Amino acid sequence: MSRTARAVRLGPKSVCVLALVSAIGVAAFGWPLLADGASGVTAHAQDAPWLFAALLPLLVGVVAASIAESGLGAKAVAMLGVLAAVGAALRPLGAGTAGLEPMFFLMVLAGRVLGPGFGFVLGSVTMFASALLTGGVGPWMPFQMLTMGWVSMGAGLLPSPGLLRGRAELALLALYGALASFGYGLVMNLYGWTIVPGLASGISFQPGDPLHENLVRYLAYCLATSLGWDLGRAVMTVALTLAIGSTVLKALRRATRRAAFETPVTFTGPDGEAQVTTAEPRP
């Protein structure tokens, strides 16, 4: 068995499904900015059920495409479940406290080791599980699932682990974790900004106004309302990545290597013919 842990391969079908779900997500977040002010439907209040209904089958589609193209099976699904459970358990440790969310660093590291497709599903499922655990189920949940999926997927798209290891890799992941922490807040603010009433005129969403004017108000809104929260999230992500990132990466890579997701095992059956089955992890 190779000593190098390979990320779950992202094939053409997986790329197509991920592109589709990302396009739907971009449209779901951004359409109020382009809607006519006279249309009367310029906020996200009614989006959530439709987005959630579209997101679930697309997540299943990503998993199915990965299984079809990479030969993944029960082991990959089991690892997905374990990591999602750990991530969901980490979230309540910092919920509601200055943006301190330890689950972010795990999503970044897991996406790095396991690849963008696996990372997207992991981020989305973890956010769903954590919402159930913390009672955070609401119209914002499918938007959080999408955004966390993008965070973990982005980590899987970073330069190949074969090019960077050790301190250089940790520095890259810490930098990405910080940027992703701010990016998560920036994207999620786009959901809340259009539905929060009573804001000052300089930062409030104005339906039907030119896009560039609303974007200026949006940036002012982010600076005024969430910068401190996002900074706390970024600091914790960087600190955990630099402190224990090396240990977590080694554990994830060891588990991936032992699981041998895509490694076939050939053996000789009773009739003398070679048979192929998926490799099982060694005890």
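Analyst: Helices are DSSP runs of H or I with at least four residues, strands are E runs of at least two, and both are numbered from the N terminus. The model is predicted: local features need pLDDT of at least 70, side-chain atom pairs count only at 80 or more, and totals for chains, interfaces and linings use all residues. Side-chain values use heavy atoms, without hydrogens and water, and residues are numbered from 1 along each chain as its sequence is written.

User: What elements does the protein chain have?

Analyst: The protein chain has 9 helices and 2 strands. From the N terminus, the order is α-α-α-α-α-α-α-α-α-β-β.

User: Why is Leu231 called partly exposed?

Analyst: Buried means under 20% relative accessible area, exposed over 50%, and partly exposed in between (1.4 Å probe, protein chains only). Leu231 has a relative accessible area of 46%, so Leu231 is partly exposed. Leu231 is found in helix α9.

User: How much of the protein chain is buried?

Analyst: Buried residues make up 47% of the 283 residues.

User: What makes contacts in the protein chain join residues at least 24 apart?

Analyst: A contact means heavy atoms within 4.5 Å. Among contacts between residues at least 6 apart in sequence, 76% join residues at least 24 apart.

User: Which helices supply at least two residues each of the lining of the largest pocket?

Analyst: Those helices are α7 (167-193), α8 (211-225) and α9. The largest share, 7 residues, comes from α7.
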